[in-house]
Amino acid sequence: MATDLHRPGNTPVPIPAELRSPEPESQKPEDRLRNALREATLELEATKAQLLTCQQDLDRARRQLADLEELIRDLPQIFERKFHQRLQPLLDQQLLLAQDNQALREQARRLLPPAPPPPPPDPESERRPASESSQQEALAPLRALRQRWLRR
């Protein structure tokens, strides 16, 4: 029976037979090959399982990527739709306010007396042509400045 290495002060602990590896010298070469083949087969199966898991993860990631790309393509329409959804109540309120404003103007027009006719034009402005009166208006500030300058 095999034991752990003996250390001073420690008593050796026996290793159970089922946990002990077989002695290579005691096995036939065919048995060793069978064991190696069995281990390689188990390792291959584990690798295949890992490969399958990786392929499933890759497929899942590709589907998620396709979904995200589609969402990115649809994003402008989504934002525009959301904008219009938030804008619509404001437009409705603006329309109602415009209608109320129009109704109030109509009511005020009916209730207020008619506006007096505009005053007759100034006889002095009638004599001057329109271009001459506009020149006179444009020069009025300069005349006032000249008058102040002369008073000094």
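Glu106 and Arg109 make a salt bridge in this predicted model, with the closest N and O atoms 2.7 Å apart. Both residues sit in helix α1, 3 residues apart, which is about one turn of the helix. Side chains of opposite charge can then pair when their charged atoms come close. As for cover, Glu106 is partly exposed at 29% relative accessible area, while Arg109 is exposed at 58%.

How many salt bridges does the structure hold? The count is 3. Another one links Asp57 to Arg60, at 2.3 Å from N to O. Asp31 comes out as partly exposed, at 31% relative accessibility.

Helix α1 covers residues 29-111, which gives it 83 residues. From first C-alpha to last, α1 reaches 120 Å, close to the 123 Å expected at 1.5 Å a residue. Where does α1 bend? Look at Asp74: the bend there is about 45°, and a proline, Pro76, follows within four residues.

Leu68, Leu71, Leu75 and Phe79 make a nonpolar surface patch of about 380 Å². Leu71, one of its members, belongs to helix α1 and is partly exposed, with 44% relative accessible area.

Step back to the whole chain and you get 3 helices and 0 strands, in the order α-α-α. Of the 152 residues, buried ones make up 1%. The chain exposes about 14800 Å², and carbon and sulfur atoms supply 59% of that.

How far should you trust the picture? The chain averages a pLDDT of 81, with 76% of the residues scoring at least 70. Among the elements, α1 has the highest mean pLDDT, 93, whereas helix α2 (residues 123-127) has the lowest, 62. Where pLDDT is low, the predicted coordinates should not be read in detail.

Terms used. Residues numbered from 1 in each chain as written. Predicted model: local features only at pLDDT ≥ 70, side-chain atom pairs only at ≥ 80, totals over all residues. Heavy atoms only, no water. Patch = residues over 30% accessible without salt bridge, like charges linked within 9 Å, V, L, I, M, F, W, Y side chains within 5 Å. Areas by Shrake-Rupley, 256 points an atom, 1.4 Å probe, with all protein chains shown as cover. Salt bridge = Lys/Arg side-chain N within 4 Å of Asp/Glu carboxyl O. Helix = DSSP H or I, 4+ residues; strand = E, 2+ residues; numbered from the N terminus. Buried < 20%, exposed > 50% of the residue type's maximum accessible area, 1.4 Å probe, protein only. pLDDT = per-residue confidence, 0-100. Expected span 1.5 Å × (residues − 1). Bend = angle between axes of the 7 residues up to and from the residue.
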